[in-house]
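Work through the exercises below with the coordinates open. Try each task before reading its solution.

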Amino acid sequence: MAFGFARVVALAATWVITVALPAAAQFETRASFPVGGDNAPYSVAVGDFNGDGILDVAEVNELPAGNVEILLGNGNGTFRLAATYAVGVQPYYATTASLRNNGILDLVVGDSLSDNVWVMLGNGDGTFQSPVAYPTGGRPVHVSTWRFDGRNLDILALTGNGAYCNCIEVLPGAGDGTFGAAIDTPVPYNINGLAIATGDFNNDGKLDVAVSGGEGISSQVDILLGNGDGTFTADGYYSVGGTPQSIATGYFTRDKTKLDLAVANEAGSSLSVLLGNGDGTFQPSVYYDTPYPLWVIADDLDGDGNVDLAASNAGIPGFLQEIPAGVSVFKGNGDGTFQAGAFYPAGRRSGGNYVAAGDFNGDHKPDLVEVNLDGQAIITLLNTGVASFSPTTPLTFKAQAVGTTSPPQTVTLTNTGTAELKIQAIKASAGFSVTSTCGARVAPGAACTITATFSPTKQGLVQGMIAISDSASTKLQVIELLGNGS
């Protein structure tokens, strides 16, 4: 670094204007798990907690009293409540890993209103031991794990809102699920840390950390290079959009020696993409528009070998213009650029707080779960592959008199793949009827329609589905149906 000073990057940036293109992976709202009582769901951690080969979810509730709910997966994108654990005062985020190196997943929970991280050791059957508190120098909003010494998993915490330390803190692991005193590195360059992401940014085999923070035009991402002992050295900062709430890492180009960053800028209504140079430095932000993103993840969602981005959109209820909550998916081109975001509505009109990926129905394609804070729900969006449905939300019929038939509602199915889509069967559950123009085959790029009607035989709420057996998935594609007999 010239003259012994930290590297400071100019404010130059690029805005990307793109034309929306159809993505090869589409996501459809398949299930909504209501969170009990007055709980306010904030985030989730995903893992197989009971060892049955099906992904489960640990849901973190911030209010009215901090707790973690364990939702066991049913293998079809739905979940069932297994247990609830009181944890901390106001937890925000959690992470899961096998802290004892025994293959059983444990949980680490950060607490935004106490100076503790909480460790919940798993029993391997979907239950957990009582939370154990480990003190930090501030309030650990974000938590992660890493093997700093190459042996045992350690805890990495961002105490960005602490009364005593605005720090990156490492709690050394003993390998038995217990942890030592925190090692502190202050967050540099005069920002209050909002989010962290980890990776080896300079390819020296040591963990590095990116920390976002600041407000408005002064928002930035700090780079701290790891020393290999749980401490870090500040190595410059980069401008991003307003209120950067989340950071994701991944190889956005085909060069797997250069780790890149994506930042969700809530107030800036954008994602910042910073391509890595492989030496710990990054190129200036390139911005992609998306309304009020609170969380961003990087994953290959369509199976083409390129990393894609998915961002949770908070949604804003308004008098003049309402912006719905949901998830935006940005298809990666493999060269560090991304196509315009495809938006998938999910949950109530506001409250899209968090998104995570995993194969929740066992068809070997990554699905999404979105945390809807205002709607108090965990929403599953299943990956329908090349079978693109419009709309992607369930069909809801108005109140219909018993013994009569509703006006039809139609879903358009488009084959976005390059091969013929074969359809074996399309069936509707009791109370609903279905017709289709799809036939047995849908050519690449072609579309057809699936039409449903509702004929209630009794009063009350009727839940049903259209089940489609096709070559796009090893599992049934499902269109949810909701009706009310009157």
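The exercises cover the disulfides and the nonpolar cores of this predicted model.

**Exercise 1.** Find the disulfides and state how the cysteines pair.

*Solution.*
- Step 1. Count the links: the structure holds 2 disulfides.
- Step 2. Assign partners. Cysteine 165 is joined to cysteine 167, with S to S at 1.4 Å. Cysteine 438 is joined to cysteine 448, with S to S at 2.0 Å.
- Step 3. Write the pattern, counting bonded cysteines along the chain: 1-2, 3-4.

**Exercise 2.** Decide for each link whether the S-S bond is left-handed or right-handed.

*Solution.*
- Step 1. The cysteine 165 and cysteine 167 link has -75 degrees about the S-S bond, so read its hand as left-handed.
- Step 2. The link of cysteine 438 and cysteine 448 has 80 degrees and is right-handed.

**Exercise 3.** Is cysteine 438 buried or exposed, and what does its link tie together?

*Solution.*
- Step 1. The cut-off for buried is under 20% relative accessible area. Cysteine 438 has 5%, so it counts as buried.
- Step 2. Cysteine 438 sits in the loop between strand 34 and strand 35, and cysteine 448 in strand 36, so the link ties parts 10 residues apart in sequence.

**Exercise 4.** Describe the largest nonpolar core.

*Solution.*
- Step 1. This core has 30 residues. Val44, Val329, Leu368, Ile378 and Leu381 have the most contacts inside it.
- Step 2. Strand 29 gives the largest share, 4 residues.
- Step 3. Probe valine 329. Beyond four places in sequence, its contacts include Phe27, Leu301, Tyr344 and Leu368.
- Step 4. Apart from this core lies another, of 21 residues, including Val411 and Ile466.

Terms used: Residues numbered from 1 in each chain as written. Predicted model: local features only at pLDDT ≥ 70, side-chain atom pairs only at ≥ 80, totals over all residues. Heavy atoms only, no water. Core = buried A, V, L, I, M, F, W, Y, C linked by side-chain atoms within 4.5 Å. Buried < 20%, exposed > 50% of the residue type's maximum accessible area, 1.4 Å probe, protein only. Helix = DSSP H or I, 4+ residues; strand = E, 2+ residues; numbered from the N terminus. Contact = heavy atoms within 4.5 Å. Disulfide = S-S within 2.5 Å.
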